[in-house]
Amino acid sequence: MSPALWPVVAAAVAALGSAFLATVLLAYREKPGATWLAVTLSSQAVFCATTGVGYLVSDPPTRLLLETTVWTALAIQVVSFLAFTLSYSGREHLVDTRTFHVVFLFPVVTGGLMLTNPYHHLIWPAFRVVPTAGLSTVVYTPVPVGVALVVLGIFIAATGALVLVDTAVSYSLYRVEAIAIALSTIPPGIAEVAWLLSLGPYPQLNLVPLAFIPHILVDGYAVLGTDMFEFNPTTRRVVDNTQLDHLESPVVVVNRDRRVINLNAAATAVFGVAESAALKRDLDELVGTAVDLDATDQTISTRVDGSLQYLAITPSEHTDPSGTVVAHSVVFQDITAQRRREQRLDVLNRVLRHNIRNDLNVVVGNLELARSETSVSADGGQHARTQRDDRLATAERYASGLLELAEDARTIDRVVDRTDVTRDAVSLRRVVDAAVADADVDRTVTVEVDEDAVARTDPDLLSTMAARLLLALAEYTDCDVDVRLDVTDDAYGLQFHTATPLPSHEVDAVTAESETALNHASSLDLWMVRWGAEILGCELLFGEGATATVRVPRDGA
């Protein structure tokens, strides 16, 4: 290749690269700023191609027409670049103002003055085509108006670059893309200044197309190698007035593609993820379940510090100045206490109502029989007196059971409403031994749990859960109990084995979200185990290798 042709080849490469990126951007034309960037790259392609052709044209009239095209394309490029930076950074409304419409006149004025320069000589009084290194170049005689146009063009481009720098500083989510586009303006800017100041061994040789090659490479990385138009600052700027960090409830902001663009500290804590890891993730992936942004009444459950937490979802729209929905803020309100209280009241209502009605019927029936038998016993019948005493003992037993049930309900309220749950390293063997002693069931309980099995949990609450499970098994299975340990990488499984399973209606009531008239437990023991498991972040399982299993996380989470 002749040394004189490398500027032509460089200009052709720059033109083709610019045209290719402009074509790629058509797929994003609905995104803020994408169309303006496509216009920028298209005018850049015209500038590079025309400059490359000009290297080979020495006819002055033809070359003047080419130079007019070059300068007009460059003027269009800097104005469209500024429009791109404003639109991309969330300031698109500024592009539609009358002030900016004046800026749009810059390429029109530049092209018009260039075409009519032979009549007024405001751009240059002299225009000569001179050979340089085997190429045709031009020499201008600068005048104030021409210099002012060049300076204004540089100022417009620099303003656009500063807008991107501000975006990079303000929003870390878009920092890479914004900095890449801003830095890409430096090489052609340096080449433009060097040409205007006649620097270098061939001062009249315009090497700006060559400098556009690194510019195109960086732009290509921003467009093709990042999520530049999937996540743009427009959405963040619209919701900037929402002071997320001042809200106690978790808040996540997503764009139109349901990808996370912002969240507050409460959200990072609830969903157990750092802000940097949460950004750009799909909302459903972050939350762990499907979220309907159009629903007004939706509740999800998640684990926070090992405990099951219920969250009510409230989405709200954010629109740009044109009224287009660009984002949603999703507020997650913790309703765990309310949800558990409602569930507990429902369970207590059904259990107490059912047992009170049945047991009081027994009490009243036995008291009536005892009263009738009292008159008989007055005649001296020993058998009648014995029957009366049995009736009274039965009534007393059922009445005492009701008192115990009421006290049991109060105890469950105190345990479930605890706010001082701890996460200590405890021996599971000691926890189970304490539960066996506390339950004191009239069954043989064999414990096969290693002393060195240690988990971070609340020993008192876990022991209460184990004791309640033993009481339930003793009540419903009427057989001995073996307690064994199943070890996995992340949890210990306390397995309670009996020869017969728990009644299905008792299990169904506890594993369902709520009780029904036809599906409810007859005691509170299994419910106590379930509520305690939710608080500690444990899992309560039935019939999966054991009669019942309580899976305790090793690390408490």
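This is a predicted model: local features need pLDDT of at least 70, side-chain atom pairs count only at pLDDT 80 or more; totals for chains, interfaces and linings use all residues.
1. Residue Q333 touches S249, Y310, L311 and A312, leaving out residues up to four places away in sequence; contact here means heavy atoms within 4.5 Å. Q333 belongs to strand 7 (residues 325-334), where helices (H or I, at least four residues) and strands (E, at least two) are DSSP runs numbered from the N terminus. Q333 is partly exposed, because its relative accessible area is 44%; buried means under 20% relative accessible area, exposed over 50%, and partly exposed in between (1.4 Å probe, protein chains only).

2. Residues are numbered from 1 along each chain as its sequence is written, and side-chain values use heavy atoms, with hydrogens and water left out.

3. For the chain as a whole, the secondary structure comes to 21 helices and 14 strands. Of the 557 residues of the protein chain, 49% count as buried. Among contacts between residues at least 6 apart in sequence, 66% join residues at least 24 apart.

4. Helix 1 (residues 6-24) and helix 11 (residues 208-224) have axes that come within 8 Å and cross at roughly 25 degrees. Axes are lines fitted to C-alpha atoms, for helices over the stretch in contact, and angles run from 0 to 180 degrees between N-to-C directions. Helix 1 and helix 11 are therefore roughly parallel to each other; angles under 35 degrees count as roughly parallel, over 145 as roughly antiparallel, 65 to 115 as roughly perpendicular and the rest as oblique. The crossing of helix 1 and helix 11 is left-handed, a term that applies if the near helix is turned anticlockwise from the far one by less than a right angle, with right-handed used if clockwise. On the side of helix 1 the contact is made by residues including W6, A10, A14, G17 and L21, and on the side of helix 11 by residues including P209, F212, I213, I216 and G220.

5. The crossing of helix 19 past helix 21 is left-handed. Residues of helix 19 in this contact include L461, M465, R468, L469 and E475, and those of helix 21 include D525, M528, V529, G532 and L536.

6. T51 lies in helix 2 (residues 34-54) and is buried, because its relative accessible area is 6%. Apart from residues up to four places away in sequence, T51 touches V70, N206 and P209. F106 lies in helix 6 (residues 105-115) and is buried, because its relative accessible area is 10%. The C-alpha atoms of F106 and L152, 46 residues apart along the chain, are separated by 8.8 Å. Apart from neighbours within four places in sequence, F106 is in contact with A75, V78, V79, L149, L152, G153 and I156.

7. Two loop residues deserve a check of backbone geometry. A133 has a positive phi of about 55 degrees although it is not a glycine; A133 is in the loop between strand 1 (127-132) and strand 2 (135-140) and is partly exposed, with a relative accessible area of 43%. D440 has a positive phi of about 50 degrees and is likewise not a glycine. D440 is in the loop between helix 18 (428-439) and strand 9 (445-448) and is exposed, with a relative accessible area of 64%.

8. T500 is in the loop between strand 12 (491-497) and helix 20 (504-511). At 34% relative accessibility, T500 counts as partly exposed. T500 touches T477, C479 and T547, not counting residues up to four places away in sequence, and the C-alpha atoms of T500 and T547, 47 residues apart along the chain, are separated by 7.7 Å.

9. W36, F100 and F104 form one aromatic cluster.

Conventions. Rings of Phe, Tyr and Trp (its six-membered ring) pair if their centres lie within 6.5 Å; planes under 30 degrees apart count as stacked, over 60 as edge-to-face and the rest as tilted.
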